[in-house]
Amino acid sequence: LCRNLIFSEETMKLLSLALSSFFAATLPSSGDEIQSAIDEGIEAYGNEQYSQAASQFELAAQLLREMSGASIAKALPAAPEGWTTDSEPDVQAVGASIMGGMTSASQTYSKDDSHVSIRILSDSPMVGQISMLINNPAMVRQMGQKVIKAGDAKGVLTYDESSSTGSLSAVAMNRYFITVEGNKIDEDTIQEFLGLIDYETLKQQ
């Protein structure tokens, strides 16, 4: 069966050329490591070294996820007036073996004793679960929550007035799962932070 899957030498050359052209057009110079992994994977596949080929292609996929995370981080809002951020956005990428592979970017904002954290995850299985809740507002109200919309996102807000803490789980473009969590903050501010995300940047990913 494996022998029947081996590409002809001409097909391998065409595949290599197609992949090289694609990544040359879409990746910056920092993508050289990705191109190298792809080339090594194609060579290993041609030599019937399937395990090595799989490892190289997974390396390329992981590096691409990391680049995707850096792009998603650009959608995180700058600190609003009066707020500060102490560090660069945190970018994480996990391989396909973990929940199909996901990429995320997050940032924390502070103002006196108030704190807000935003996390954007791409291709998260949570998108489907939150979408089901959003489409059932009666159930959301029964749980003491509310459905809100800001920008291109729609989500479910949980807020505790006694502690002034809130958590918002939202979806955007049926692909992104977004969380906004706030401490010592009001509901409106949590919703405002959701609206500050650059959704046009997310649409380009």
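Modeller: Ring pairs link Trp83, Tyr109 and Phe193 into a cluster. Rings of Phe, Tyr and Trp (its six-membered ring) pair here if their centres lie within 6.5 Å; planes under 30 degrees apart count as stacked, over 60 as edge-to-face and the rest as tilted. A word on the source: this is a predicted model, where local features need pLDDT of at least 70, side-chain atom pairs count only at pLDDT 80 or more, and totals for chains, interfaces and linings use all residues. Residues are numbered from 1 along each chain as its sequence is written, and side-chain values use heavy atoms, with hydrogens and water left out.

Now the pairs. The whole structure holds three aromatic pairs. In one of them, the ring centres of Trp83 and Phe193 are 5.1 Å apart and the planes stand at 80°, so this pair is edge-to-face. Trp83 sits in the loop between α4 (50–73) and β1 (90–94), and Phe193 in helix α7 (residues 187–196), so the pair ties together parts that are 110 residues apart in sequence. Helices (H or I, at least four residues) and strands (E, at least two) are DSSP runs, numbered from the N terminus.

Tyr109 is buried, as is Phe193.

Next, the setting. The chain has eight helices and seven strands. Of its 205 residues, 37% count as buried. Take contacts (heavy atoms within 4.5 Å). Among those with a separation of 6 or more, 52% come from residues 24 or more positions apart.

Strand β7 (residues 176–183) is mostly covered, with six of its eight residues buried. Two strands pair if DSSP finds at least two bridges between them. Strand β3 (residues 114–122) runs antiparallel to β7, joined by eight bridges. There, Arg119 stands opposite Thr179. Strand β6 (residues 165–172) also pairs with β7 in the antiparallel sense, over eight bridges. Ser167 has Glu181 as its bridge partner. β6 and β7 form a hairpin with three residues between them, and Met173 in the turn has a positive phi of about 55°.

Terms used. Buried < 20%, exposed > 50% of the residue type's maximum accessible area, 1.4 Å probe, protein only.
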